[in-house]
Amino acid sequence: MSSIQIEQNGRIRTVPLSADETLLSVLRRAGYSIPAACGGKGRCGKCRVVAHGALSALSDAEREHLSPQDISRGVRLACCARVEGDCT
């Protein structure tokens, strides 16, 4: 089983996850409140997170909502990015 390491305020928490789960699903299941006014459909662009590791390729919705600078910093839309293995 894969896992994600969540870093917030200098603390790191490891959360197990299922393959192909979205970051939004993982983070909400772990108790984090992630805004997603569109209901996780990739339309509002509000669920931005910084993530690195084994993630799906950028979706069309992410390319529409994220700037090239965001993308180079590892910003993803939590509702669109699917976990394919370990990530942070």
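**View 1. Overall dimensions of the predicted protein chain.** With 88 residues, a compact globule would have a radius of gyration near 12 Å, and the protein chain, at 12 Å, agrees with this; the radius is taken over C-alpha atoms, and the globule rule is 2.2 Å times the number of residues to the power 0.38. This is a predicted model, in which local features need pLDDT of at least 70 and side-chain atom pairs count only at pLDDT 80 or more, while totals for chains, interfaces and linings use all residues. Residues are numbered from 1 along each chain as its sequence is written, and side-chain values use heavy atoms, with hydrogens and water left out. The C-alpha trace spans about 30 × 25 × 25 Å along its principal axes.

**View 2. Order of helices and strands.** The protein chain has three helices and six strands, which run β-β-α-β-β-α-α-β-β from the N terminus on; helices (H or I, at least four residues) and strands (E, at least two) are DSSP runs, numbered from the N terminus. Of the contacts with a separation of 6 or more, 50% are accounted for by residues 24 or more positions apart, where contact means heavy atoms within 4.5 Å.

**View 3. The largest nonpolar core.** This core has 26 residues, and those with the most contacts inside it are Ile-4, Ile-6, Leu-23, Ile-34 and Ala-78. At least two residues each are supplied by β1 (2–8), β2 (11–17), α1 (23–29), β5 (75–77) and β6 (83–87), and α1 gives the most, with four residues. A nonpolar core is a set of buried Ala, Val, Leu, Ile, Met, Phe, Trp, Tyr and Cys residues joined through side-chain atoms within 4.5 Å; buried means under 20% relative accessible area, exposed over 50%, and partly exposed in between (1.4 Å probe, protein chains only). Of the 88 residues of the protein chain, 43% count as buried.

**View 4. Surroundings of Ile-34.** Not counting residues up to four places away in sequence, Ile-34 touches Leu-24, Leu-27, Arg-28, Cys-47 and Ala-78. Both Ile-34 and Ala-78 are among the residues with the most contacts inside the largest nonpolar core.

**View 5. Ala-51 in its loop.** Ala-51 lies in the loop between β3 (48–50) and β4 (53–55), and with a relative accessible area of 8% Ala-51 is buried. Leaving aside residues up to four places away in sequence, Ala-51 touches Leu-23, Gly-74, Arg-76 and Thr-88. The C-alpha atoms of Ala-51 and Gln-5 are separated by 9.7 Å, although these residues are 46 residues apart along the chain.
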